[in-house]
Amino acid sequence: MEKFGVTRTDMAPMDQVQRIPVTEAFIDIYDPAICLNRCVNKPCTYFCPTQVYQWWDNQIAIDQERCVECGASVMGCPYGNIDWRYPPGGTGVVIKHG
């Protein structure tokens, strides 16, 4: 995979990444009013590399199917307002090699 002139050979091709269907919520916002009234630049929308969080019509939208479980958005929230747990079943993203 090449991005910005750097070739990564240690990354699995996307056809080898298996997504486990999500049947229960594992990402939530503790207090949506904090996002609306206190959080000025909405860092969760750009800290998350897969854009799980989107800001639409003065509210935060969460697409947890996109989550790759990196924890970046939780670390980037200045208010500790993101409730994130591992997906039900004990696994989420599964990468198979070979």
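User: What is Ser73 in contact with, leaving aside its neighbours within four places in sequence?
Analyst: Ser73 is in contact with Cys44, Phe47, Cys48, Tyr53 and Ile82. Contact means heavy atoms within 4.5 Å. The C-alpha atoms of Ser73 and Cys44 are separated by 4.9 Å, although the two are 29 residues apart along the chain.

User: What kind of model is this, and what limits apply?
Analyst: It is a predicted model: local features need pLDDT of at least 70, side-chain atom pairs count only at pLDDT 80 or more, and totals for chains, interfaces and linings use all residues.

User: Why is Ser73 called buried?
Analyst: Its relative accessibility is 7%. Buried means under 20% relative accessible area, exposed over 50%, and partly exposed in between (1.4 Å probe, protein chains only). Ser73 therefore counts as buried. Its place is in helix 3.

User: What makes a stretch a helix or a strand?
Analyst: Both are DSSP runs, numbered from the N terminus: helices are H or I with at least four residues, strands are E with at least two. The protein chain has three helices and eight strands. From the N terminus on, the order is β-β-β-β-α-α-β-β-α-β-β.

User: Where does Gln64 lie, and why is it called buried?
Analyst: Gln64 lies in the loop between strand 6 (59-62) and helix 3 (72-76). Its relative accessible area is 14%, so Gln64 is buried. Its side chain reaches the backbone nitrogen of Phe26 at 3.0 Å. Gln64 is also among the residues that Ile27 touches, including Val52, Tyr53 and Trp84.

User: What makes a set of residues a nonpolar core?
Analyst: The members are buried Ala, Val, Leu, Ile, Met, Phe, Trp, Tyr and Cys residues, joined through side-chain atoms within 4.5 Å. The largest such core here has twelve residues, among them Phe26, Ile27, Cys44, Tyr53 and Ile82. In soluble globular proteins, nonpolar side chains tend to be buried together. Of the 98 residues of the protein chain, 28% count as buried.

User: Why is the pair Asp83 and Arg85 called a salt bridge?
Analyst: The rule asks for a side-chain nitrogen of Lys or Arg within 4 Å of a carboxyl oxygen of Asp or Glu. The side chains of Asp83 and Arg85 meet at 2.5 Å, N to O. Asp83 is buried at 17% relative accessible area, whereas Arg85 counts as partly exposed at 37%.

User: Where does pLDDT stay under 50?
Analyst: Residues 1-11 stay under 50, and the model has five contacts for them beyond four places in sequence. pLDDT is the predictor's confidence in each residue, from 0 to 100. Where it is low, the predicted coordinates should not be read in detail. The protein chain averages 76, and 65% of the residues score at least 70.

Conventions. Residues are numbered from 1 along each chain as its sequence is written. Side-chain values use heavy atoms; hydrogens and water are left out. A polar contact is a pair of N or O atoms within 3.5 Å; within protein, one must be able to donate a hydrogen and the other to accept it, and residues adjacent in sequence count only if both atoms are side-chain atoms.
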